[in-house]
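Here is a briefing on one model. Look at the sequence and the fold before reading on.

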Amino acid sequence: MTSDGPQPREHPYIWVTWMPRLLSGNHHCEWASWFKAQHDGKTWRRAHRDFEPTMWALNHKALLREERKRLEADGATVRVERQNQFHLRGWHATLSGMPDLVSLKDGQVTIHDLKSGEPHEHHAIQVMLYMWAFPLARREYGGLPISGRVVYPDHVVEAPESAVDQAFVNRAVDLIKTLAGEEPPPRTPSASECVFCEITSDDCPERVETPPPEEETDLF
Ligand code: SF4
């Protein structure tokens, strides 16, 4: 962090992981991702998170190792995390991401995203974003059939290639243009969303720290 405050980037930079909650309607504050897209991440202070990420990382790593072993035993070539990192530079922004596992077997590419916590609909959207952007950025996979899987400890959600249709791509591109635009989208502060937000009240004066008080009624 610099003492000069958040420094603007020359070219907006967006992580795929910022998009699924906004696309699914699980989160509403586009301003948070707009701010992160527009500013150098080393120049602004991040909010402390209460949860301990160590267990999450251990569970995720164990699931990843297990799934990789299973895929390789089945004859697939598998690439892991940083091997899959991509940067897709467009006119408006650079889109980056890092699928957990990408397997190739008999000419079929599969993106696998591993989730050790509770299932959410935005998990499948993250895989669909990878299915769209990854082969555009990593040309060695371009033109091959591609599908996706969200792998939970006890079940799998499949994302067929047909899920990534033109309507989905249009929504993703619209959101990228919003986050990359010069005009900031409105903030939508709420206790339940701000608690998960990395942006402090230094940069977001509308940050909500406490939930609204509970009122009583005798109507029901
Ligand atoms: S603190 Fe709340 S209002 Fe501010 S950017 Fe984050 S989510 Fe939006």
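This is a predicted model: local features need pLDDT of at least 70, side-chain atom pairs count only at pLDDT 80 or more; totals for chains, interfaces and linings use all residues.

Residues are numbered from 1 along each chain as its sequence is written. Helices (H or I, at least four residues) and strands (E, at least two) are DSSP runs, numbered from the N terminus.

- Five strands form an open sheet in the order β2-β5-β6-β7-β8, with mixed pairing. Two strands count as paired if DSSP finds at least two bridges between them.
- β2 (77-80) and β8 are the edge strands, and each pairs on one side only.
- From one strand to the next, the twist averages 20°.
- β5 (residues 101-105) and β6 (residues 108-114) are antiparallel, with five bridges. Within this pair, V102 stands opposite I111 in β6.
- β7 (residues 146-151) and β8 (residues 156-159) are also paired in the antiparallel sense, over four bridges. Here V151 has V156 of β8 as its bridge partner.
- β7 and β8 make a hairpin, with four residues between them.
- In a regular strand, side chains alternate between the two faces of the sheet.

**Helices on the sheet**
- Helix α3 (residues 53-73) lies across β2, β5, β6 and β7, and runs at about 160° to β6.
- Helix α4 (residues 121-137) packs on the sheet and touches β6, β7 and β8; its direction makes about 150° with that of β7.
- Contact means that two residues have C-beta atoms, placed from the backbone, within 7 Å.
- Axes are lines fitted to C-alpha atoms, for helices over the stretch in contact; angles run from 0 to 180 degrees between N-to-C directions.

**The β3-β4 hairpin**
- β3 (residues 86-89) pairs with β4 (residues 94-97) in the antiparallel sense over four bridges.
- The bridge partner of F86 is G97 in β4.
- Four residues link β3 to β4 in a hairpin.

**Ligand shell**
- Around the ligand are C29, W31, A32, R187, P189, E193, C194, C197, I199, C204, E206 and R207. A residue is near a molecule if its C-beta atom, placed from the backbone, lies within 6 Å of it.
- α2 (30-38) and α6 (191-194) each supply at least two of the shell residues.
- The shell has eight nonpolar, no polar and four charged residues. Ala, Val, Leu, Ile, Met, Phe, Trp, Tyr, Cys and Pro count as nonpolar, Asp, Glu, Lys and Arg as charged, and the others, Gly among them, as polar.
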